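Student: Can we go through this structure together? I would like to take it piece by piece.

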Amino acid sequence: MGTSTSNRGQNGNTPLVPSWLGDNDGDQQPGQPQPEQPQLADPKRFSAPRSNFTRYVNSGGSGGGNLHRATSIYVRHSLGGSQNATTRLGSARNSTARLVSVFSSFVNRGIAETSRDYKLGDIIGKSASDVLLRIMDFVCPDGGSTDEGIARNSYIEALSTLPDWEDKAIESLTPPEFLAFTEIYMANVIEERLVNDIGNKLFSLPDNVAQVESLQGQLKDYIKGAVSDSVSKLNIDIRSIDTSQTKAIVDSIYRTAYDILSELEE
């Protein structure tokens with residue numbers, strides 16, 4: 001969360017799922033009928049999870065139950081369930097699918113052939129960190145919307161958590177390592193979306209950096225656990241994924257992770 005951007009939190013007057021965040025994530029073509037404006041949701045739907053998250057922050061991390069309640073209510077009430085929560089991730093879903101497609105190609109078709117297809121240049125022998133930086137603009141195109149910023153920040157932060165990959169050649173990475181990076185990235189996406197929606201109080205502790213880092217670490221581990229459990233529950237194996245499946249698989253991982261978070265209320 002070192003790259004997170006502080007804001008005042010989500011406005012409850014916005015729809016549960018904005019009209020521009022459909023299944024095609026904004027691919028509306030000129031001349032096509034515009035979707036109907038969705039009904040506005042409860043304008044106070046972020047109040048309860050935000051209050052619980054504030055209690056968690058004020059506890060210095062000792063009030064884990066407040067964190068669990070905050071995330072559970074956030075998914076179930078504020079977002080209207082795991083399907084809406086997944087849809088609201090917007091272009092971050094597509095970014096995740098592109099990442100999984102590249103990783104699946106690395107694993108199943110080899111580094112050299114994937115490099116030719118994706119025009120990555122000569123990456124044989126290059127460090128895994130360098131190669132992942134090289135594909136960042138493809139996976140997470142730079143843009144101005146919140147979900148695009150979340151996707152890119154999440155990717156950068158995932159890279160920063162794996163400094164040892166600077167000393168590993170891309171061809172030496174194993175399928176479990178590619179999957180582990182994917183899990184870290186997806187957890188970062190969920191975390192950044194949540195903090196942007198209800199976690200603005202995290203940024204009210206500028207004089208206590210250690211406490212902020214401790215709170216962020218707990219939140220990160222909590223969400224990472226849900227994503228890892230989701231991957232395990234769905235028996236995801238990156239070696240058995242092809243490009244026609246990536247979007248559906250990515251969405252199922254996000255949905256299941258949100259389901260897990262919604263069920264962990266204490």
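Tutor: What follows is a walk through the chain, some of its helices, a few residues and a cavity.

Tutor: This is a predicted model, in which local features need pLDDT of at least 70, side-chain atom pairs count only at pLDDT 80 or more, and totals for chains, interfaces and linings use all residues. Residues are numbered from 1 along each chain as its sequence is written, and side-chain values use heavy atoms, with hydrogens and water left out.

Student: OK. How many helices and strands are in the protein chain?

Tutor: The protein chain has 11 helices and zero strands. Both terms refer to DSSP runs numbered from the N terminus: helices are H or I with at least four residues, strands are E with at least two.

Student: And what share of the residues counts as buried?

Tutor: Of the 266 residues in the protein chain, 50% are buried. Buried means under 20% relative accessible area, exposed means over 50%, and partly exposed is in between, with a 1.4 Å probe and protein chains only.

Student: Which contacts does the chain make along its sequence, by how far apart the residues are?

Tutor: Take the contacts between residues at least 6 apart in sequence: 76% of them join residues at least 24 apart. Contact means heavy atoms within 4.5 Å.

Student: Switching to helix 9. How far apart are its end C-alpha atoms?

Tutor: The end C-alpha atoms of helix 9 are 35 Å apart, which agrees with the 34 Å that its 24 residues should span at 1.5 Å a residue. The expected span is 1.5 Å times one less than the number of residues.

Student: What does Ser 262 touch?

Tutor: Ser 262 is in helix 11. Leaving aside neighbours within four places in sequence, Ser 262 is in contact with Ser 72, Val 75 and Arg 76. Ser 262 is buried, with a relative accessible area of 12%.

Student: Is Tyr 155 buried or exposed?

Tutor: Tyr 155 counts as buried because its relative accessibility is 0%. Tyr 155 sits in helix 8, residues 146–160. Not counting residues up to four places away in sequence, Tyr 155 touches Leu 99, Leu 132, Ile 135, Met 136, Val 139, Cys 140, Phe 181 and Tyr 185.

Student: Now the cavity. How many of 30 Å³ or more does the search find?

Tutor: The search of the whole structure finds one. The largest cavity has a volume of about 50 Å³. A cavity is a set of points, on a 1 Å grid over the protein atoms alone, where a 1.4 Å probe fits but cannot get out; lining residues have an atom within 4 Å of a point. Grid points are joined across faces, edges and corners, and the volume is the space filled by probe spheres set on the points.

Student: What lines the largest cavity?

Tutor: Val 100, Leu 179, Thr 182, Ile 236, Ile 238, Ile 241, Ile 249 and Ile 253. Helix 9 (175–198) and helix 11 (246–262) are the elements that give two or more residues to this lining.

Student: How do the lining residues divide into nonpolar, polar and charged?

Tutor: Seven are nonpolar, one is polar and none is charged. Ala, Val, Leu, Ile, Met, Phe, Trp, Tyr, Cys and Pro count as nonpolar, Asp, Glu, Lys and Arg as charged, and the others, Gly among them, as polar.

Student: Last one. What is phi of Lys 119?

Tutor: Phi of Lys 119 is near 55°, a positive value in a residue other than glycine. Lys 119 is in the loop between helix 5 (111–118) and helix 6 (128–134), and is exposed at 73% relative accessible area.

Methods. 1 Å grid on protein atoms, 1.4 Å probe; cavity = no way out; pocket = protein on both sides within 12 Å on 5 of 7 lines; lining within 4 Å.
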